[in-house]
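Take a look at the sequence and the model first, then read on.

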Amino acid sequence: NVVMMKYLLILLGFLLSTNAFHTNPSNHIRPIRTFGLSASSSTSKTETTPAAPTNKVKILKDAEAVGSEIRSIVSQAATEAIAQKGSFALAIPGGSILKMLAGPIPNKEEWTSKTTLVYVNHKCVKMDDGELATHAKASKLFLDSWEGVNAIIMDGTDDGQAEAASYENKIRQISDDVLPKCQETGLPIFDLSLIGVGDDGHIGSLYPNREEVLVDSNWVLPVAMKDPPSITLSLPLMKASKQVVVAACGVSDKYPKGKSEGMRRAIVEEQESLTSFPAVGLRDCALWVMDEAAASALGEEYNSQAE
């Protein structure tokens, strides 16, 4: 018995030293699993990413053409998803993409009532705040005319931590028939995620030189960068979509070349990393749709295929 006890103690010490297992709150032992990037990884902060493939960049004449293309992509994705599983799961951001969705959209009467809509990011404000709430802006621009759409909205408080936890729980409660989960990662798979890119490279509310872009342990994150705070889908959740589409267009007196510098950094700049310009995290999965102005700094390799 003494010998047996020694062997058991040696075996226990070996298992503890390997750190191969940990216990979760329900006291079941399971292997450690991580998804994609880790916020504690020093390499993920500075690693560069290959440029986006040329066949994943679609260049159209102007902002009107880009808007029309985005609406067509939404309608087509909805039609295909409903044919496959009877429903359509769509994620949208705020900003200029809301205006793109406000135009005429094909066959919407056939799919809006079977659509579940989630926001990629949203300020922590009341949902009827016409100046700050993406939901209020979307409702005014197009959502009120999308008959029967199931929009997943926030609770309408200014508590970023609570709003992120609540919104993630609401997404988790969407049935697998509507929002299936990846068997390997457990992440929900939207049929389509539309993403905008800020001049500083932010996507959703994942901003440069902040840790949120590296977090993969949550589906929804609070971002206390501004007042009021925001919530945002995590990068792994954005990338898990069946189809990811980035849209960029429009010029102004201040920016006569539109979003050209942002698109150059997002798509081709070799020195950019995930933390310096978060949009590079979508290079390997997104379709980039932009106007000629936004594409003007990408180089001949990309512009030679402009439509």
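This is a predicted model: local features need pLDDT of at least 70, side-chain atom pairs count only at pLDDT 80 or more; totals for chains, interfaces and linings use all residues.

Residues are numbered from 1 along each chain as its sequence is written, and side-chain values use heavy atoms, with hydrogens and water left out.

**Confidence**

- The protein averages a pLDDT of 87, where pLDDT is the predictor's confidence in each residue, from 0 to 100.
- A score of at least 70 is reached by 84% of the residues.
- Residues 10-43 are the stretch to treat with care: pLDDT stays under 50 there.
- For residues 10-43 the model has 33 contacts beyond four places in sequence (contact means heavy atoms within 4.5 Å).

**The seven-stranded sheet**

- Seven strands make an open, parallel sheet, ordered β3-β12-β11-β8-β4-β5-β7; strands (E, at least two residues) and helices (H or I, at least four) are DSSP runs, numbered from the N terminus.
- At the edges sit β3 (57-60) and β7 (150-151), each pairing on one side only; two strands pair if DSSP finds at least two bridges between them.
- β4 (residues 88-92) and β8 (residues 192-195) run parallel and are joined by two bridges.
- A91 has S193 in β8 as its bridge partner.
- Helix α8 (residues 260-267) lies across β3, β11 (244-248) and β12 (286-291), running at about 160° to β12; axes are lines fitted to C-alpha atoms, for helices over the stretch in contact, and angles run from 0 to 180 degrees between N-to-C directions.

**The three-stranded sheet**

- Here the order is β6-β10-β9, in an open sheet with antiparallel pairing.
- Its edge strands are β6 (121-123) and β9 (220-223), each pairing on one side only.
- Neighbouring strands of this sheet are turned by 20° against each other on average, direction ignored.
- β9 and β10 form a hairpin, with six residues between them.
- Four bridges link β9 to β10 (residues 230-233) in the antiparallel sense.
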